[in-house]
Amino acid sequence: MLARKGLLPDGFLLTRLAEDQNQPNRSRSKSQRARFITKTGSCNVAHKNIREQGRFLQDVFTTMVDLKWQHSLLIFTSAFLCSWMLFAMIWWLLAFAHGDLEPRDPSSEPGPVPCVTAIHSFTSAFLFSIEVQVTIGFGGRMVTEECPLAITVLIIQNILGLIINAVMLGCVFMKTAQANRRAETLIFSRNAVIAPRNGRPTFMFRVGDLRKSMIISATVQLQVIRRTVTAEGEVIPVCQLDIQVENPLRSNGIFLVSPLIISHTMERGSPLYELSAQSLASEDLEIIVILEGVVETTGISMQARTSYTPEEILWGQRFVSIITEEDDRYCVDYSKFGNTVPIRMSSLSAKELDQIRGVQEGGSDIQLQGWGLVRAGRGGFRRGGRACDSSTPQPWYTQSEKAEREVDQKGQKKTVHLEVIGRQIEEDGLGDMSN
């Protein structure tokens with residue numbers, strides 16, 4: 001549809017079809033799990049056995065907006081027809097009670113003034129009801145001052161007609177200006193990837209906006225949905241866990257002026273910390289992506305959703321670059337929006353890689369400052385000659401637990417404390433500065 005409207009080039013759709021054909025069919029050892037959120041963003045949840053149906057009638061406007069177009073139009077048409085028929089019956093009863101429906105001889109003297117002129121049958125009363133409610137007023141029929149009750153009915157019908165029109169216009173406006181309409185031009189990559197970034201395994205996907213009007217205060221939220229069992233044996237079929245989006249500002253805000261790659265580092269504390277290439281195929285999880293923001297042109301809050309199952313997560317792949325600089329401006333090639341390239345990557349999980357590199361399991365107070373940490377004795381870990389077992393930078397020789405180093409001097413082993421070595425180096429440096 002987007003290609004027919006000229007929003008996307010034909011090559012984009014051809015590339016997406018080629019990607020689907022080239023992806024290997026990875027079979028799972030168990031039956032396919034139902035998705036919680038579909039790729040289009042709709043919630044795949046069926047509500048059954050709802051006994052308190054009357055709660056929906058307490059919020060009639062929201063219920064009308066949530067209905068489908070055909071159902072809403074059917075309700076509006078029925079409301080107009082029922083109101084016209086009801087007041088047509090009332091006008092016919094007034095004319096019948098006043099004696100306006102009795103046949104009269106045209107050659108005889110005129111009778112009493114009727115409540116409503118030119119009403120001789122139910123058909124004429126129905127036409128008069130339509131003229132009153134929609135304020136057409138052809139001029140052939142009108143209310144006289146003979147019947148005060150007819151004037152009261154005229155006022156009531158006008159008020160009821162205005163209410164029906166207001167509700168109908170409000171529902172039509174809200175249905176046409178719904179936030180999910182703006183989400184139609186927000187696209188997500190069909191597949192997510194796991195690739196190393198800055199030395200750490202990282203979960204990544206791409207998001208883009210096809211319109212030039214921006215999404216103000218856009219934020220991205222990631223959640224993992226999986227089936228878990230508590231220590232007491234309670235089975236939680238849908239357990240939601242938040243995932244921190246990689247952002248130097250420590251927030252989930254993004255500036256969506258061009259397609260962005262949203263990433264999450266699979267480090268300690270991440271729900272994906274123990275995920276490996278072998279366990280990915282049999283893992284029972286679903287990663288949900290929620291993009292929220294305010295539409296710049298209308299000021300209405302919007303939300304776009306999608307999800308990634310294990311079959312849609314590619315291990316050892318990386319997105320290709322789609323932004324180039326041409327004629328003093330940046331150009332985006334949407335034909336390569338979902339293209340990936342394979343890279344060399346270990347099939348081990350982030351936890352296993354940390355264990356191989358010497359990260360202790362119980363060191364919860366250790367702050368990891370990146371990949372490639374090496375042991376600095378028994379007191380902590382260092383990177384580039386600096387220990388990083390706390391958030392405050394400390395000299396490498398002032399560890400709480402003094403490390404020991406064994407050196408071989410003249411065939412004899414001698415134990416030297418790192419604290420002594422550090423002080424000697426510091427004294428030598430001060431001596432050189434004084435000289």
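The model is predicted, with local features needing pLDDT of at least 70 and side-chain atom pairs pLDDT 80 or more, while totals for chains, interfaces and linings use all residues. Residues are numbered from 1 along each chain as its sequence is written, and side-chain values use heavy atoms, without hydrogens and water.

Reader: What share of the 435 residues counts as buried?
Author: Buried means under 20% relative accessible area, with a 1.4 Å probe and protein chains only. The chain has 435 residues, and the buried share is 34%.

Reader: How are H5 and H6 oriented to each other?
Author: Helices are DSSP runs of H or I, at least four residues, numbered from the N terminus. H5 spans residues 122–133 and H6 spans 148–176; their axes, lines fitted to C-alpha atoms over the stretch in contact, lie 9 Å apart at about 60 degrees. Angles under 35 degrees count as roughly parallel, over 145 as roughly antiparallel, 65 to 115 as roughly perpendicular and the rest as oblique. H5 and H6 are therefore oblique.

Reader: Which residues of H6 does H5 meet?
Author: Contact means heavy atoms within 4.5 Å. From H5 come Ser-129, Val-132 and Gln-133. Their partners in H6 are Leu-154, Gln-157, Asn-158, Gly-161 and Ile-164.

Reader: How does H4 run relative to H6?
Author: H4 covers residues 69–98. Its axis is 11 Å from that of H6, and the angle is about 175 degrees. That makes H4, relative to H6, roughly antiparallel.

Key: Buried < 20%, exposed > 50% of the residue type's maximum accessible area, 1.4 Å probe, protein only. Axes fitted to C-alpha atoms, helices over the stretch in contact; angles between N-to-C directions. Helix = DSSP H or I, 4+ residues; strand = E, 2+ residues; numbered from the N terminus.
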